[in-house]
Amino acid sequence: MPNQVITLHTYFRSSCSARLRIALNLKSLPYTSIPINLLKNEHHGTKNTSLNPSASVPTLIIQKSESSNNDGPSSTTIVIPQSLAALEYLEEAYPTTYPLLPPVSDLNARTTVRTLSNIIACDVQPVTNMRILKRVAPLGVDRETWSKELVEDGFRAYEAIAEKTAGKYSVGDEISMADVCLLPAVWGAERVGVDLGQFPVIKGISERLEEVESVRRAHWRCQDDTPEEFRVGFGAGGGQ
């Protein structure tokens, strides 16, 4: 059985980072957080870009070592600089520890989970991204209004699908990859003034998710790099 060390390059307010914090917590995978301060442009530094050419967060790093009979210990380092790819890796590498996809026998449900995950990743999250908002500002639009309207468009699409598939969570009664992507997007939507009352299915799912301790520990308000003025008493931070 190989030994492993998991490291997550993260930023407390990054919704993409929060996806991985939630997934790692749910799968009971201990990890070490390495804060990358976006406000100080640390994501553009060589330390980060050598691992993440997109100059972004998160980056998930898994270092595995195992004994070899012939040449001594061998090691492998896996670097994943995109959150959805990292979620898929975690699911394939640790499929029996809190599965985030429905069984292979239910391809329709698995496809729905991936569809909902991509609505968040492709339609919602980019318009809250600091890099995108900085590009929009010179165009003379109100960044918060612009972002809020596009987030609402994405949530309408999510709601239309989830109202047909939701049980306790987005697809049935188990937390899935879709939920792992949804909740950090809800946290971001609240910051730009989205009224979740428009989306009763999403609102209900997010409220139930926040009752789960492993999820609560991933909240942006209780990370190691969360500034003191934003902290609330959710318990231990995301890093283990």
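Student: What makes the reach of helix α6 close to the expected one?

Tutor: In this predicted model, helix α6 covers residues 143–165, and its 23 residues reach 33 Å from the first C-alpha to the last. The expected span is 1.5 Å times one less than the number of residues. For α6 that expectation is 33 Å, and the reach is close to it.

Student: Which residues of α6 are buried, and what covers them?

Tutor: Buried means under 20% relative accessible area. In α6 the buried residues are S147, V151, E152, G154, F155, Y158, E159 and A162. Their cover includes α4 (107–124), α5 (130–136), α7 (177–191) and α8 (200–209).

Student: Why is α1 called roughly parallel to α3?

Tutor: Two packed helices are described by the angle between their axes and the distance between the axes. The axes of α1 (residues 15–26) and α3 (residues 83–93) cross at roughly 10 degrees and come within 9 Å. Angles under 35 degrees count as roughly parallel, and therefore α1 is roughly parallel to α3.

Student: Which residues make this contact, and how do they divide by type?

Tutor: From α1 come C16, R19, L20, A23 and L24, which meet S83, L84, A86, L87 and L90 of α3. The residues of this contact comprise 8 nonpolar, 1 polar and 1 charged.

Student: What makes β2 and β4 the edge strands of the sheet?

Tutor: The sheet is open, with 4 strands in the order β2-β1-β3-β4 and mixed pairing. An edge strand pairs on one side only, as do β2 (32–35) and β4 (74–80). From one strand to the next, the twist averages 20 degrees.

Student: Why is Y31 called buried?

Tutor: Y31 is found in the loop between α1 and β2. Its relative accessible area is 1%. The cut-off for buried is under 20%, so Y31 counts as buried.

Student: What separates Y31 from G193?

Tutor: Along the chain, Y31 and G193 are 162 residues apart, and their C-alpha atoms are separated by 33 Å.

Notes:
Residues numbered from 1 in each chain as written. Predicted model: local features only at pLDDT ≥ 70, side-chain atom pairs only at ≥ 80, totals over all residues. Heavy atoms only, no water. Axes fitted to C-alpha atoms, helices over the stretch in contact; angles between N-to-C directions. Helix = DSSP H or I, 4+ residues; strand = E, 2+ residues; numbered from the N terminus. Parallel < 35°, antiparallel > 145°, perpendicular 65-115°, else oblique. Contact = heavy atoms within 4.5 Å. Nonpolar A, V, L, I, M, F, W, Y, C, P; charged D, E, K, R; others polar. Pairing = 2+ DSSP bridges. Buried < 20%, exposed > 50% of the residue type's maximum accessible area, 1.4 Å probe, protein only.
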